[in-house]
Amino acid sequence: MQLIVNIVVLAAIYALISCGYVLVYRVSHVLNLAHGELMMVGAYLLLTTAWLFAGNPIVAIAVALGLSLTVGVLVYVFLMRKMTGEMVLAAVLTTVALGILLRGLIVLVWSAQQQYPAQALSFTNAAIELPGGGRISTFAGILVLVTATTYALMFAFLRFGRWGVRMRAAGQNPLLAAQRGVSLHAVYALAWSLSTLTGSMAGMLIALDSGLDSTMAVIGLKAFPAALVGGLDSLVGALVGSLIVAGAEVLAIHYIDPLLSDVVPFLVLIAMLAVRPWGLFGTREELDRV
Amino acid sequence: MSKLMPRASGYFRTDYKCDLALAETRLQRVSLSIFIVALAVFPFFASPFHLDIACQIFLAAIGSLSLMLLTGYAGQISLGHAGLLAAGAFTVGILFRETHAPFWVTLPAAALVGGFLGIIFGLPSLRLRGLYLAISTLALHFVVVYLGGEYETKRGFSTGISIDPPQIFGRALTSNRAWYFILLIFAAATLLICVNLLRSRTGRAWGAIRARETVAEALGIDVARYKLLAFVISSAMTAVAGALFAYYRGFVSVEALL
C-alpha cells in the first residue's frame with residue numbers, strides 16, 4: 001500500500017513538472033532543458049517571499065506564483081524570442097546554457113545550503129493516515145491534488161479556451177496560425193509562462209515537503225523522461241509516462257538499490273528511444289536532421 | 001615548396017606535397033612559427049595563475065576538438081560528452097585506487113573505455129536523428145555519472161577519489177610548468193590528429209553523412225560504420241581529456257564533473 005502511495009506521489013511530481021516540458025514543446029517545438037532550473041527558481045522565490053511576508057503564507061505563495069509567471073515571460077522575451085525561427089537545436093542549446101546560468105545564479109543569490117521554506121512559513125507537515133495502511137505527508141497530498149487540478153484545467157484550457165486553441169494552432173502550423181492573426185510571440189510567451197508556473201508550483205511543493213537545495217534541478221531533469229516516454233506533445237502521454245517512470249523508479253528503489261533512483265528514469269528513456277522515439281501518445285513526426 | 005600560393009581563389013594544390021603541407025602560404029608559415037615559439041616561451045614569463053588558465057584551456061581544447069569532430073563534421077549531436085569526460089576521469093581514479101597503475105597504463109585504458117562507451121553512445125545514432133539523438137546521449141550521460149557515483153559510495157570514497165601526480169622518469173609531475181608542456185603536447189597532438197583525420201577518407205565520409213545521409217549511402221559510404229567511428233574516436237579523445245583532467249586536479253568526484 002505504501003508502495004502505491006509512493007508511486008502516486010512521485011508520479012504526481014513528475015506529471016506536474018513534465019506538463020511544462022509538454023506545453024513548451026507542443027507550442028514551439030523547443031525542448032526546454034532549463035525547466036528543472038526554472039522550477040528551482042520558483043521554489044527559491046517562495047523562500048524569499050516567505051522571508052518577506054513571514055506572517056502571511058497565502059500572500060507569500062501568491063506573490064511567489066506571480067513572480068514565477070513573470071520569470072517565464074521574461075525568459076521568453078529576453079532570450080527565447082531571439083531564437084524563434086532559428087534552428088531547433090540552437091534553441092535547445094540556448095536552454096541548456098540558461099540552465100547552467102540559473103544554477104550558478106541561484107547558488108550566488110541564495111547560497112548552496114539546504115533551506116526549509118515550510119519553516120519560514122511556519123507550516124507543519126504532518127503525516128496523514130490513509131485508509132488501507134498507507135501514510136502520506138500533507139504537502140505530498142496537496143501536490144497530488146494540485147497536479148490533478150492543473151491537468152484538468154490544462155485540458156479544458158487547451159480544448160475550449162480561446163488562447164488554448166491559439167496555442168494548439170501555433171503548435172500545429174506556425175505560419176498558418178500567424179496568417180490567421182494569431183500573435184505567435186504572445187502565444188509562445190504564454191506557453192513559457194504557464195510552463196514556468198506549473199514547474200514552479202512543483203518546485204514549491206517539493207521544497208515545502210522535503211526542503212530545498214541546489215540539487216533540485218535533477219528532479220526536474222528526471223521528469224523529462226516522463227514527458228518523452230508519453231510523447232513530447234501529448235498531455236495524456238505526460239500523465240501516463242509519469243506513472244510508468246515513477247513506478248519503475250519506486251520499484252527499483254524498493255527492490256534493488258536506492259542509488260538507482262537517479263538513473264532509472266533515464267534507462268526507461270533509453271529503452272523508449274530505442275523502441276518508439278516519438279513516445280506512447282506523441283505524434284510521429286519527421287525527425288528533423290541536424 | 002617555396003612558391004607562393006594564393007588561397008583566395010581556385011585550387012592550386014598541384015602535387016601531393018602541397019596537399020600534405022599544413023601551412024601553405026608564407027604568411028601562414030610565419031604566423032604558425034611565431035605562435036609555436038610564443039606557446040613555448042609563455043610558461044617562463046607567466047604567473048602560476050595564468051599557467052593554470054592555460055592548462056585548463058588546453059584541456060578544454062582537447063574536449064572541444066573531439067566534440068567538433070563529432071558534431072561539427074559528422075553532424076551527430078552529443079549532449080553526453082560531460083559523461084565521457086567523467087568516464088575518463090573515473091577510469092584513472094579507479095585504476096589508480098585499485099591497482100596503483102602508472103599513467104602510461106591508465107591513459108590508454110581511459111581511451112579504451114572512452115572508445116567502448118563511444119560505441120554505446122553511438123548506437124542510438126543509427127536509429128535516431130537530431131534532437132532525439134541528443135536526448136539519448138544526455139540519458140547515457142546520467143547512466144555513466146550514476147556508475148561513477150555508485151563506485152564512489154560502494155568503495156567508501158563518498159567525497160571523491162584523490163590521485164597522486166603521475167611519475168615521469170621517476171619524478172612526480174607537480175609543477176605547473178611541466179603540466180603546461182604535457183598538456184600542450186596532448187592538445188597539439190589532438191589538433192594534428194583531427195586535421196589529418198578530416199582531410200582523409202574518413203573526414204570526407206563524415207562530411208558527406210552530415211550533408212545528406214542518403215546520398216552518402218548511395219555513394220558507397222558505410223554510414224553506420226562511419227557514424228560509430230566518429231563516436232568512438234570522439235569519445236576516446238574526450239575520455240583522455242577527462243583522464244588528464246583527473247591527473248591535473250589530482251582528484252575525481254561526481255560532483256566536480258557534473
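Predicted model: local features only at pLDDT ≥ 70, side-chain atom pairs only at ≥ 80, totals over all residues.
View 1. Helix α4 (residues 81–99) and helix α10 (residues 223–249) of chain B pack at about 55°, their axes 7 Å apart. On the α4(B) side, look for B:H81, B:L84, B:L85, B:A86, B:A87, B:G88, B:A89, B:T91, B:V92 and B:G93. Facing them from α10(B) are B:S235, B:T238, B:A239, B:V240, B:A241, B:G242, B:A243, B:F245, B:A246 and B:Y247. By class, this contact holds 13 nonpolar and seven polar residues, with no charged ones.

**View 2. Helices α2(A) and α4(A) run roughly parallel in chain A.** Here helix α2 (residues 35–52) and helix α4 (residues 88–110) of chain A pack at an angle of about 20°, and 9 Å separates their axes. That angle is under 35 degrees, so the pair counts as roughly parallel. The crossing is left-handed. From α2(A), the residues A:G36, A:E37, A:L38, A:M40, A:V41, A:Y44 and A:L47 meet A:G99, A:L102, A:R103, A:I106 and A:W110 of α4(A). Eight of the contact residues are nonpolar, two are polar and two are charged.

**View 3. The side of chain A that touches chain B.** Each chain brings 19 residues to this contact. In chain A, the elements giving two or more residues are α4 and α12 (264–275). Helix α12(A) supplies the largest share, six residues. The chain A side has 16 nonpolar and three charged residues, and no polar ones.

**View 4. Inside the largest nonpolar core, with its 163 residues.** The members touching the most others are A:I13, A:Y14, A:A43, A:A191, B:V92, B:V240 and B:A243. Helix α1 (residues 2–28) of chain A gives the most to this core, 17 residues. Zoom in on A:A43 and you will find A:G203, A:M204, A:I206, A:A207, A:L212 and A:M216 touching it, leaving aside residues up to four places away in sequence. Two members from chain B, B:V92 and B:V240, also take part in the helix contact of α4(B) with α10(B).

**View 5. Chain B as a whole, with eleven helices and four strands.** Of the 258 residues in chain B, 40% are buried. Among its contacts with a separation of 6 or more, 76% join residues 24 or more positions apart.

Definitions and conventions
Residues numbered from 1 in each chain as written. Chains lettered and ligands numbered in written order. Axes fitted to C-alpha atoms, helices over the stretch in contact; angles between N-to-C directions. Parallel < 35°, antiparallel > 145°, perpendicular 65-115°, else oblique. Left-handed = near helix turned anticlockwise from the far one by under 90°. Contact = placed C-beta atoms within 7 Å. Nonpolar A, V, L, I, M, F, W, Y, C, P; charged D, E, K, R; others polar. Core = buried A, V, L, I, M, F, W, Y, C linked by C-beta atoms within 7 Å. Buried ≥ 20, exposed ≤ 12 C-beta atoms within 10 Å, placed from the backbone.
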